[in-house]
Structure formats: structure tokens, C-alpha cells
Amino acid sequence: MRAEFPDFRLGKVLATSFTATLTERRGNAVERIPTPHRLVDWLAVSGLAVDSCTTAQLDLARELRESIHAAATAAAMQDPLPESAVHVINDRSVEGRAAAILTPEGKRQWRLSSDSCVEDALSVIAADAISIIAGERDGRLALCASPTCRAAFFDTSQSRTRRWCDMNTCGNRQKKARFNANQRKSQRSADRVSERSVQGGRASTG
């Protein structure tokens with residue numbers, strides 16, 4: 001029977017979409033590429049299809065993922081970039097073989113050759129991370145407002161005030177939590193009013 005894996009959280013920005021293969025980093029962390037085959041699946045749906053992946057290549061991918069997350073987090077907070085993270089991102093960027101191509105719609109895409117490997121795909125992800133961390137793209141790096149998430153994401157909204165890495169997950173969860181907290185607060189207030197009314201009734205009949 002095929003093992004069930006957590007769904008991918010795919011965004012519009014390759015590098016931060018890749019860091020989202022590990023979510024809820026400050027809560028109950030969810031690993032979304034737990035096996036080499038699952039990394040192959042993620043690369044395929046991200047337009048970077050490769051034929052196979054070894055355990056060692058999965059380790060390289062996760063090392064790059066965590067390095068991008070660390071550097072993007074520092075950039076979002078306007079802190080110095082961690083040297084070790086920069087080193088890993090640069091190493092992955094220069095090691096791969098990939099070509100940029102222009103689509104009929106005027107968009108840039110990356111193309112891997114038929115014999116490309118995981119390292120080639122990782123070089124594309126690293127190059128994408130470099131472009132957003134270096135401030136070359138129109139947008140800003142920000143951190144998810146969810147206290148159990150704090151994922152780095154690239155905000156391209158017009159106001160640049162986006163708060164959540166994903167509105168359908170972290171955003172809705174936080175809205176629900178606020179709603180439930182307000183409901184509990186309202187219920188406690190109603191209970192206190194009711195209790196005072198009962199006590200007042202007892203006093204008037206006493």
C-alpha cells in the first residue's frame with residue numbers, strides 16, 4: 001500500500017516554495033519531503049523534473065532548504081546574513097547545469113537537460129534564492145505572523161503588508177483562533193453578568 005505523504009505547499013516563488021517543504025517549524029514540524037522519491041515529486045511539480053534522487057542528494061536538498069530559510073529570515077529582519085547559509089547557497093548555485101529559456105508569454109523558465117540530476121535542480125533553486133535575497137525582484141521578504149510557523153515568504157502584494165505565508169492555512173488558522181478566543185471572552189463576560197444578576201436577585205429577596 002502506498003504511503004501517504006503531506007501535501008505540498010506550492011507558491012509562486014520557487015525558493016520560498018522550496019523552504020515550505022518543512023512547515024510549522026516552531027510548532028509540530030511537518031516534513032513534506034521525507035523521502036528521496038518525494039523530493040523527485042516536488043521537483044517535478046515545480047518544473048524541475050529529474051529521474052532519480054539518492055539519500056545523499058536529499059540531504060543536500062535539505063541543507064540548501066535550511067540555508068535559504070536562514071538567509072531569507074535574516075534578510076526579512078534586516079539582520080546580517082549567516083555566513084554558513086551564504087556559503088551553502090553559493091556552492092549549490094555554481095554546481096549545477098541549467099539554462100534559462102523564454103516562454104511565448106515572455107516569462108523566464110529554467111530548463112534542465114535530459115540527463116540532469118538533483119544538483120542541477122538545486123542550482124536553479126539557489127539562484128532563485130539569491131535573486132530575492134539580493135533584492136533584485138519587485139517585492140519584499142517577510143515572515144509569517146503565525147507563531148508556530150514564521151516561514152519566510154516573498155510579498156509581492158501592492159501594499160507589501162501581507163502577514164501570512166499562506167492565507168488558506170496559517171491565515172485561516174489564526175483567524176479561527178482569534179474568533180474562538182473572542183467567543184470564549186464573550187461567554188465569560190455573559191457568565192459574569194448572569195452571576196451578578198443572580199446575586200443581585202438573592203440580595204433583594206434576602
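Isoleucine 125 touches Leu14, Ala15, Phe18, Trp42, Leu43, Leu48, Leu64 and Ile68, with residues up to four places away in sequence left out; contact means heavy atoms within 4.5 Å. The structure is a predicted model, in which local features need pLDDT of at least 70, side-chain atom pairs count only at pLDDT 80 or more, and totals for chains, interfaces and linings use all residues. Residues are numbered from 1 along each chain as its sequence is written, and side-chain values use heavy atoms, without hydrogens and water.

Ile125, Phe18 and Leu39 touch the most other members of the largest nonpolar core, which has 35 residues. Such a core is a set of buried Ala, Val, Leu, Ile, Met, Phe, Trp, Tyr and Cys residues joined through side-chain atoms within 4.5 Å, where buried means under 20% relative accessible area (1.4 Å probe, protein chains only). The most residues in this core, nine, come from α5. A second, separate core has eight residues, including Ala142, Cys144, Phe153 and Trp164.

The largest pocket holds about 1,100 Å³ of space. A pocket is an open set of points on a 1 Å grid over the protein atoms alone, where a 1.4 Å probe fits, with protein on both sides within 12 Å along at least five of seven lines; lining residues have an atom within 4 Å of a point. Grid points are joined across faces, edges and corners, and the volume is the space filled by probe spheres set on the points. Of the 38 lining residues, Gly11, Lys12, Val13, Leu14 and Ser17 are the closest to the pocket centre.

Note on methods: Buried means under 20% relative accessible area, exposed over 50%, partly exposed in between (1.4 Å probe, protein chains only). Helices (H or I, at least four residues) and strands (E, at least two) are DSSP runs, numbered from the N terminus.
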